[in-house]
Amino acid sequence: MQDIHNMSQLTSADLELARAFPEGFLWGAATASYQIEGGAFEDGRGSSIWDDFSATPGKVFQGENGNVAADHYHRLAEDTELMSSLGLGAYRFSIAWPRILPEGRGAINNAGLDFYDRLVDGLLAKGITPYVTLYHWDLPSPLQQEGGWVKRETAFAYADFAEVVAKRLGDRVTNWITLNEPWCSAYLGYGIGIHAPGVQDRQAALDAGHHLMLGHGLAVPRIRAHSAPNSQVGITLNLAHVYANDERPETQRDVALADAFSNRWFLDPILRGHYTEGFFEQLGLNAPPVQDGDLATISTPIDFLGVNNYTRLLVKGNTERIPLADQVSLVAPIPSACYTEMGWEVYPNGLRDLLLRLTKDYAVSKLYVTENGAAFKDAWNGNGHVSDPRRVDYLRTHIAGLAEAIQQGAPLRGYFVWSLMDNFEWAEGYSKRFGIVYIDYPTQKRVVKESGYWYAGLLKAFNQAH
Ligand SMILES: CO[C@H](O)c1c[n+]2c([nH]1)[C@H](O)[C@@H](O)[C@H](O)[C@H]2CO
């Protein structure tokens, strides 16, 4: 791969930005198993709820699925070489539970473990640190047939799965993320059903959220037991800073409701050992089936908090009535603002302010931004490169906010751009491209985008400064 650390992409301000980060800061990129691997029926992989959801008419854009995706399953060497050529210090990926335990529990599929062995060894050989997400939404179908995350037993099955993986990879993997975004798994998957498994039951979302957190707490000690002493274990949450559109009391009230629903639902149990006071009433729901000791398990100490953030929330208070926490009115698109292809406002200060809020309100010892990025309309003309200046600007402005957050005391240790490559964007299928590398799906050709060159240049400048 030709040298792509084309620093000519960078302005002098970019070079200054690279130098603003402390020595040891980690620069990476992130993906997830179902979104990039493909190989959906190979080497003993079982079915997941996303295979089932994708196969259900009307659930995914144009009926697309992850059967092939970016064919990463067959391109390990090519893709680890690509990561190395970009100069990544770390790579965040997830383990497909159905590759390891096709039935969700019980018989281990060693061919599945062998795949991740090869991936981890390939990364280490290139000096890239693996950050392993144990669950990024691809629950084995047999467990969903028993009720999935609304069933307490799934939490225990998850902890067993985590231990199987840690036993195989724990001698080489020292950075573990138990869950990716339990909020999305619970609310999008069980509450409003726009994600797998497609259940529309808000009480089920609360119950699923509780069992996801329980699985997290059960898994932490079992991961630690099979990993090197210097290992670190954390969890990744999707979080967003909530802003008030005005000073009205009803807006302040609704900001608190939105914060409870979007952030504190998971932050408080995991980091404070209790649910937010009044939260279930704010949703008009019953408490989930909490058993004695659950909150102690859920709040077992972790080494870092992973933060996924893409945009902000801007709230305008409802004057007629107190809304349910998940029905707070957000301000409609602002004519002067920029939006990504996902309809998310581009608001770089939102990431900075979120990190500072977490630092102020929660005793987190370390933070990583485990996902940040943007979908824009990327096109490739079959030769040359992919021009994506809006993504370059998105990354530049959000990374500048990280430097400010660090300067103001945030214990931020690393940043993973979402995503290394274009991939299966869940219900949006392949219609949304987040990669710093373009995937030409008909040929599976990888084409580094302008943003990939820019990011590689920033990482090179950072390394030269330290
Ligand atoms: C509100 O955005 C969420 O934090 C979020 C955004 N994203 C995510 N979570 C997921 O972790 C990824 O699998 C998605 O591909 C990615 C892009 O949509």
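Trainee: How many residues of the lining of the largest pocket are nonpolar, how many polar and how many charged?

Mentor: In this predicted model, the lining divides into 28 nonpolar, 12 polar and 7 charged residues. Glu counts as charged and Gly as polar, whereas Trp and Tyr count as nonpolar.

Trainee: Which residues of that lining lie nearest the centre of the largest pocket?

Mentor: Trp 183, Asn 238, Thr 311, Leu 313 and Trp 344 lie nearest the centre, out of 47 lining residues. The elements that give two or more residues to this lining are α9 (182-191), α11 (249-272) and β8 (313-315). The pocket holds about 1200 Å³ of space.

Trainee: What takes up space in the largest pocket?

Mentor: The ligand does. A molecule sits in a pocket if more than half of its atoms lie within 2 Å of the grid points, and the ligand is assigned to the largest pocket.

Trainee: Which residues around the ligand are the closest?

Mentor: Gln 35, Glu 181, Glu 371, Glu 425 and Trp 426 are the closest of the 14 residues that surround the ligand. By class, this shell has 6 nonpolar, 5 polar and 3 charged residues.

Trainee: What makes a space a cavity rather than a pocket?

Mentor: In a cavity a 1.4 Å probe fits but cannot get out, whereas a pocket is open. The structure holds 5 cavities of 30 Å³ or more, and the largest cavity has a volume of about 60 Å³. Among the residues that line the largest cavity are Ile 49, Trp 50, Trp 149 and Tyr 190. The largest share of its lining, 4 residues, comes from α9.

Trainee: How many charged residues are in the lining of the largest cavity?

Mentor: None: that lining divides into 9 nonpolar and 3 polar residues. The second largest cavity has 4 charged residues in its lining, with 3 nonpolar and 3 polar. Glu 37, Arg 45, Arg 99 and Asp 138 are among the residues that line this second cavity, and Asp, Glu and Arg count as charged.

Definitions and conventions
Residues are numbered from 1 along each chain as its sequence is written. This is a predicted model: local features need pLDDT of at least 70, side-chain atom pairs count only at pLDDT 80 or more; totals for chains, interfaces and linings use all residues. Side-chain values use heavy atoms; hydrogens and water are left out. A residue is near a molecule or strand if one of its heavy atoms lies within 4 Å of it. On a 1 Å grid over the protein atoms alone, a cavity is a set of points where a 1.4 Å probe fits but cannot get out, and a pocket is an open set with protein on both sides within 12 Å along at least five of seven lines; lining residues have an atom within 4 Å of a point. Grid points are joined across faces, edges and corners, and a volume is the space filled by probe spheres set on the points.
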